[in-house]
Amino acid sequence: ADSSRSHLVLTISLDVFDTKAKTTMCGKIRLCDLAGAERSKKSGASGEVMKEAIEINRALTALGDVIESAARATGPVPYRNHKLTQLLSDSLGGCAKTIMLVNISPARSE
């Protein structure tokens with residue numbers, strides 16, 4: 001079976017020109033659908049599926065590290081630790097507004 005687990009990032013860039021003030025305002029909306037973490041022992045994944053699961057978990061860990069570091073504001077934020085965090089860097093820091101929606105399964109986990 002083919003796996004379709006992946007992250008999806010949709011970026012919408014907006015440029016608005018004010019003809020009276022002769023200025024341009026730029027904005028960006030980024031929608032992300034991130035694949036969920038996977039416990040490889042529980043899922044029984046192997047081979048390419050296992051490699052994919054490891055990379056997804058690595059990306060989510062890097063994202064968590066960036067969010068934690070930005071919230072603490074004690075040093076440099078590790079955006080360069082993963083391609084995902086590099087891509088999202090301008091959406092996770094500075095004057096960006098970030099909203100995270102999480103879907104958590106009610107299933108009991110062992």
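**Core, pocket and selected residues**

Colleague: Which six residues make up the largest nonpolar core?

Modeller: The model under discussion is a predicted one. Residues of such a core must be buried and joined through side-chain atoms within 4.5 Å. The largest nonpolar core, six residues in all, consists of Ala 59, Leu 63, Val 66, Leu 84, Leu 88 and Leu 92.

Colleague: Which elements each supply at least two residues of this core?

Modeller: The core includes Ala 59 and Leu 63 as well as Leu 88 and Leu 92. The elements that each contribute at least two of its residues are H2 and H3.

Colleague: Which residues does Leu 92 touch, not counting residues up to four places away in sequence?

Modeller: Leu 92 is one of the residues of the largest nonpolar core. With residues up to four places away in sequence left out, Leu 92 touches Leu 63, Val 66, Ala 70, Tyr 79 and Thr 98.

Colleague: What volume does the largest pocket have, and which residues are closest to its centre?

Modeller: The volume of the largest pocket is about 770 Å³. The pocket is lined by 25 residues, and those closest to its centre are Cys 32, Leu 34, Thr 98, Ile 99 and Met 100.

Colleague: Which element gives the largest share of the lining of the largest pocket?

Modeller: Two or more lining residues of the largest pocket come from each of strand E2 (23-33), helix H2 (47-72) and helix H3 (83-92). The largest share, five residues, comes from E2.

Colleague: How many residues in the lining of the largest pocket are nonpolar?

Modeller: Five lining residues are polar and five are charged. The number of nonpolar residues in the lining is 15.

Colleague: Is His 82 buried or exposed?

Modeller: His 82 is found in the loop between H2 and H3. Its relative accessible area is 14%. Buried means under 20%, so His 82 is classed as buried.

Colleague: Which residue's side chain is joined to that of His 82 by a polar contact?

Modeller: Not counting residues up to four places away in sequence, His 82 touches Arg 58, Ala 59 and Ala 62, among others. The side chain of His 82 also takes part in a polar contact of 2.6 Å, and its partner is Glu 55.

Colleague: Where is Ser 91, and which residue's side chain is joined to its own by a polar contact?

Modeller: Ser 91 belongs to helix H3 and is buried, with a relative accessible area of 17%. Leaving aside neighbours within four places in sequence, its contacts include Ala 96 and Thr 98. The polar contact of Ser 91 has a length of 3.2 Å, and its partner is Arg 30.

Colleague: Is Pro 78 buried, exposed or partly exposed?

Modeller: Pro 78 sits in the loop between H2 and H3. Apart from residues up to four places away in sequence, Pro 78 touches Asp 65, Val 66, Ser 69 and Thr 85. Its relative accessibility is 23%. Because buried means under 20% and exposed means over 50%, Pro 78 counts as partly exposed.

Colleague: What distance separates the C-alpha atoms of Pro 78 and Ser 89?

Modeller: Along the chain, Pro 78 and Ser 89 are eleven residues apart. Their C-alpha atoms are separated by 9.4 Å.

Colleague: What relative accessible area does Leu 14 have?

Modeller: Leu 14 is placed in strand E1 (residues 8-18). Not counting residues up to four places away in sequence, Leu 14 touches Met 25, Cys 26 and Gly 27. Leu 14 is partly exposed, with a relative accessible area of 43%.

Colleague: What distance separates the C-alpha atoms of Leu 14 and Ala 107?

Modeller: Leu 14 and Ala 107 are 93 residues apart along the chain. The separation of their C-alpha atoms is 41 Å.

Colleague: What is the phi of Lys 22 near?

Modeller: Lys 22 lies in the loop between E1 and E2 and is exposed at 64% relative accessibility. Its phi is positive, in a residue other than glycine, and is near 55°.

Colleague: What is the phi of Ala 73?

Modeller: Ala 73 is in the loop between H2 and H3 and is exposed, with a relative accessible area of 61%. Although Ala 73 is not a glycine, its phi is positive, at about 50°.

Colleague: Is Val 102 buried or exposed?

Modeller: Val 102 lies in the segment after H3. Its C-alpha atom is separated by 16 Å from that of Ala 59. The relative accessibility of Val 102 is 56%. Exposed means over 50%, so Val 102 counts as exposed.

Key: Residues are numbered from 1 along each chain as its sequence is written. This is a predicted model: local features need pLDDT of at least 70, side-chain atom pairs count only at pLDDT 80 or more; totals for chains, interfaces and linings use all residues. Side-chain values use heavy atoms; hydrogens and water are left out. On a 1 Å grid over the protein atoms alone, a cavity is a set of points where a 1.4 Å probe fits but cannot get out, and a pocket is an open set with protein on both sides within 12 Å along at least five of seven lines; lining residues have an atom within 4 Å of a point. Grid points are joined across faces, edges and corners, and a volume is the space filled by probe spheres set on the points. Helices (H or I, at least four residues) and strands (E, at least two) are DSSP runs, numbered from the N terminus. Ala, Val, Leu, Ile, Met, Phe, Trp, Tyr, Cys and Pro count as nonpolar, Asp, Glu, Lys and Arg as charged, and the others, Gly among them, as polar. Buried means under 20% relative accessible area, exposed over 50%, partly exposed in between (1.4 Å probe, protein chains only). Contact means heavy atoms within 4.5 Å. A polar contact is a pair of N or O atoms within 3.5 Å; within protein, one must be able to donate a hydrogen and the other to accept it, and residues adjacent in sequence count only if both atoms are side-chain atoms.
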